[in-house]
Amino acid sequence: MTATHKQRSLSGIKPTGQPHWGNYFGMIAPAIGLAAEAEAYYFIADYHALTTVRDAAALRADSYDIAATMIASGLDPAASVLWRQSDVPEVCELTWLLSCVTGMGLVERAHAFKDARAKEKDPNFGLVTYPVLMAADILLYDSDVVPVGKDQVQHVEMARDMVGYFNAQFLGSSGYDSAGVWDGKGLKRPAARVQADTAVVPGLDGRKMSKSYGNAISVFASTKQLRKRIMAIKTDSTPLEDPKDPDTCLVFQLHGLFAPADEQAALADQYRGGNFGYGHAKLALVAQAEAHFAPRRERFNALMADTDTLEDILRDGAKRARATAEPVIERVRSAVGLPTRPIR
Ligand code: ADP
Ligand code: TRP
């Protein structure tokens, strides 16, 4: 690998319902931004979704929803690789090989698994393997950077740990020289990339925005739904004429996701100046969100009306993803002592 080699950016998103602003600002937009400078590999994590989803039709529909969201948000599927995780089943093979070098202690420390344990008496085994499958996703494509929201950083760290275990146990070295240059023999170490200002987008109740908290705004909510969700945000009872503190206001914070710095500063002045109510701030937020999402929503709706084209895009992406994965899985099989596959 020379210094001039383009980095490979890889990330995944689960098809578990409509993507929300947290997904968009935490992962989708930064990932698409990276596509300008890196080779972009983004996929729909349908195997991961099966840790929770029990509705086959919903899984299929939500997979198209994610694909359409990525494209409508600016990802060029010809210039980058967009595919469905399960279309490259080699990822399951690598999951197994990584499982054989990963201690139980590591997977039990995963926050997501601990949360599942706290909520359910007997969480399914897929949740235990979740970070191993995620590591396989990343390592199967020799990825360099992984754009994610803050909650996924621990999983990327685990993938880094697994690179260490694998290379040490099968190749007897870290795979890296003292200058940090990879030898190309074992697995390649990735790094998480978190967009600092949107690492944790708050939801309508002030907690982290999440599908599971019911506090989310969908990326392509209709104008009416968007307005309804925003107007219902709870604010304090400071009278209209009194000055208000923008820094403690959720509406202000969400407005900052869209507004350039000067507009955000102007809004802060209005808060502090008095005679400016939360209702006014909410309308400003509706206007910003609508200006940002309306053109993308139109493209999204057009894409969703033609799932045959989406299917073609995903199949083409899977072919290209598989071509990248092929030499990696062969390298890994050879390192552990498995034969070259006789049948492809
Ligand atoms: P959810 O928590 O709603 O189920 P996912 O786990 O599917 O969301 O997350 C998909 C991607 O979006 C991940 O990279 C995750 O870190 C990011 N993400 C999710 N919620 C947020 C949030 N509130 N702020 C920032 N990033 C987020
Ligand atoms: N676990 C991630 C999430 O819940 C989705 C995901 C699966 C992923 N595989 C990945 C993200 C590989 C980055 C890289 O959001």
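In which helix does Gln264 lie? Which residues come nearest to ligand 1, and which are the closest to ligand 2?

Analyst: This is a predicted model, in which local features need pLDDT of at least 70 and side-chain atom pairs count only at pLDDT 80 or more, while totals for chains, interfaces and linings use all residues. Residues are numbered from 1 along each chain as its sequence is written, chains are lettered from A and ligands numbered from 1 in the order written, and side-chain values use heavy atoms, without hydrogens or water.

Gln264 lies in helix H11, residues 261–273 (a DSSP run of H or I, at least four residues; strands are runs of E, at least two). Gln264 is buried, at a relative accessible area of 14% (buried means under 20%).

Ligand 1 has 17 residues around it (a heavy atom within 4 Å). His20, Asp151, Val201, Met209 and Lys211 come nearest. Asp151 places a polar side-chain atom 2.3 Å from a ligand 1 oxygen. Backbone atoms take part too: a polar one of Gly149 is 2.9 Å from an oxygen atom of ligand 1, and an N or O of Gly22 lies 3.2 Å from a nitrogen atom of the ligand. Taken alone, ligand 1 exposes 530 Å², of which the protein buries 93% (Shrake-Rupley, 1.4 Å probe). By class, its shell holds 6 nonpolar, 8 polar and 3 charged residues (Asp, Glu, Lys and Arg count as charged, and Gly as polar).

Ligand 2 is surrounded by 14 residues, and the closest are Lys14, Tyr130, Met134, Asp137 and Gln152. Ligand 2 on its own exposes 370 Å², and the protein buries 91% of that. Strand S1 (8–13) and helix H7 (125–139) each supply at least two residues of the shell, with H7 giving the most, 4 residues. The classes in this shell are 8 nonpolar, 4 polar and 2 charged.

Terms used. Polar contact = N/O pair within 3.5 Å; in protein donor to acceptor, adjacent residues only side chain to side chain. Buried < 20%, exposed > 50% of the residue type's maximum accessible area, 1.4 Å probe, protein only.
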